[in-house]
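Grab the model, try each task yourself, then check the worked solution.

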Amino acid sequence: DGVGWDNVRSYWDNDFKNRKIIQGFMKDPLLGSKRLASMPDRITNTINVVGSDLPVCRPTVINMYDGDLSTLPLWWSAWEKFMFDTPLTIQSKDGSFTEPPYKMLQPIKKAKYPDITEEEEKVSLPLQTMCGAIFDAILVHMMNTVSSPDVWQSLKKTMVENLNRQKVPHTLDILENVYGSSDIITLQEVSGSLIEQARNRPLGQRFWIVAPGSMDAVRDQNSVILLAKETFPAGPSAEITSLVESSFEPGVTVPVAKGDILAITATDRDGIPFVVASFHGDTNGLATKPVLSAIMKGMASDSSLVTHKLVFGLDANTYEKAKPGKQQDVLEWGQHYVSYDLTSCWGDVPNPANYTTFNSRTYLQPQLNKACKKTDKRANGDVNPKDFILFGKGDFKVVHTWKDNTGEKSYIEDMAFPTLNFPSDHGILATIVEPIAPTSNA
């Protein structure tokens with residue numbers, strides 16, 4: 001009751017139940033671009049709950065779920081109970097709330113995912129629930145067909161321990177031990193668990209760890225800023241994210257979600273005021289230009305901010321070879337930030353072949369439009385120049401910039417990541433800048 005099955009029964013009867021599971025579902029690129037399988041996975045895959053150090057996981061092949069998936073009936077019994085009959089308590093910025101996972105799902109908006117039809121948008125909640133169940137069922141069936149349960153489930157446990165359970169501790173180790181001397185760190189797609197653990201480690205003694213006032217507790221992916229306490233002794237002055245979001249062009253729908261943007265003010269030990277921003281762009285990078293424009297517009301509209309220096313770290317999700325009208329071209333992005341008299345750690349004209357991602361997806365994940373064979377991982381993977389640090393062209397000049405996909409201040413080109421030693425699918429981007437002395441008019 002309340003799921004809305006009647007609204008999507010025709011989709012099942014007239015379409016999905018007649019599809020071949022591989023060609024018709026797993027390899028359907030439109031299903032991927034509509035996010036009908038990946039959106040429910042994003043919300044319910046791994047849920048951090050109040051009162052537990054370990055998250056609760058949806059019964060599926062592709063997460064840390066440690067229950068028995070050796071048969072479809074065993075899987076379905078566990079899946080149905082998890083989705084509809086297991087209330088979970090989640091901590092948000094304003095307190096906690098309790099509801100079963102299916103009620104945590106969010107509508108899929110055509111404005112952000114244009115391939116979804118208007119009719120599908122209206123029933124996107126029950127439709128994605130159904131597609132998520134189909135996806136998980138196929139994975140269980142597939143794994144038990146190509147391998148025996150005792151083999152693949154044992155292998156899964158080994159991978160989970162190295163790639164999942166240790167991801168947050170490993171990330172924090174790198175930040176503390178390799179980048180702990182930084183003045184400013186901006187992070188994207190950060191879980192509430194990482195924020196809490198960071199504050200309870202030496203990192204929290206060294207940095208002000210700033211999360212959005214309106215955190216995304218359901219998607220659990222938030223932009224975060226770390227300010228060195230030695231450099232910014234008074235900490236953050238104010239959050240101005242709402243000013244940025246209110247500065248979007250009227251009538252224009254910008255594909256951003258709660259938690260994607262964080263913008264704050266802070267004053268350093270020399271009395272210099274800063275606006276520091278962190279942003280995670282949408283998959284296609286179409287929000288990247290509007291968000292920068294909104295930051296600049298917001299700063300210009302507030303007289304108290306006009307003297308602030310901007311430092312903006314972001315996952316721009318820009319592309320070397322963008323699909324016109326569907327993805328953000330990296331060179332066009334460069335022209336955009338230069339138009340605001342900004343430059344980047346890569347200069348005014350970014351090199352389209354200066355990649356900060358190299359990852360490809362198997363079919364054991366829900367964004368099916370991004371899946372490819374191992375032999376095609378370089379050609380069809382996500383190998384793009386996506387990450388930037390922006391600042392005023394007249395404020396700072398670059399001393400040294402580097403990228404890192406090892407956790408050791410080095411970057412191995414043509415190496416797919418994350419790896420067992422490096423937990424992120426984006427390289428770390430670091431830059432050392434020095435202030436430009438103001439010119440005298442005398």
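Before starting: helices here are DSSP runs of H or I with at least four residues, numbered from the N terminus. Keep in mind that this is a predicted model.

**Exercise 1.** Work out which residues line the largest cavity and which helix gives the largest share of that lining.

*Solution.* 
- Start with the size: the largest cavity has a volume of about 60 Å³.
- Now the helices: helix 4 (38–44), helix 5 (72–85) and helix 7 (124–146) each bring at least two lining residues. Helix 7 has the largest share, with six residues.
- Finally, sort by class: the lining has six nonpolar, four polar and three charged residues.

**Exercise 2.** Describe how helix 9 and helix 10 cross.

*Solution.* 
- The axes of helix 9 (residues 167–177) and helix 10 (residues 192–199) come within 10 Å and cross at roughly 50 degrees. So helix 9 counts as oblique to helix 10.
- As for handedness, the crossing is right-handed.
- Val168, Pro169, Thr171 and Leu172 of helix 9 make the contact with Leu194, Gln197 and Ala198 of helix 10. That's five nonpolar, two polar and no charged residues.

**Exercise 3.** Which elements supply at least two residues each to the lining of the second largest cavity?

*Solution.* 
- Helix 9, strand 5 (184–190), helix 10 and strand 7 (222–228) do, and helix 10 gives the most, three residues.
- Lining residues include Leu172, Leu194 and Ala198.
- By class, the lining has eleven nonpolar, no polar and no charged residues.

Terms used: Residues are numbered from 1 along each chain as its sequence is written. This is a predicted model: local features need pLDDT of at least 70, side-chain atom pairs count only at pLDDT 80 or more; totals for chains, interfaces and linings use all residues. Side-chain values use heavy atoms; hydrogens and water are left out. Axes are lines fitted to C-alpha atoms, for helices over the stretch in contact, and angles run from 0 to 180 degrees between N-to-C directions. Angles under 35 degrees count as roughly parallel, over 145 as roughly antiparallel, 65 to 115 as roughly perpendicular and the rest as oblique. A crossing is left-handed if the near helix is turned anticlockwise from the far one by less than a right angle, and right-handed if clockwise. Contact means heavy atoms within 4.5 Å. Ala, Val, Leu, Ile, Met, Phe, Trp, Tyr, Cys and Pro count as nonpolar, Asp, Glu, Lys and Arg as charged, and the others, Gly among them, as polar. On a 1 Å grid over the protein atoms alone, a cavity is a set of points where a 1.4 Å probe fits but cannot get out, and a pocket is an open set with protein on both sides within 12 Å along at least five of seven lines; lining residues have an atom within 4 Å of a point. Grid points are joined across faces, edges and corners, and a volume is the space filled by probe spheres set on the points.
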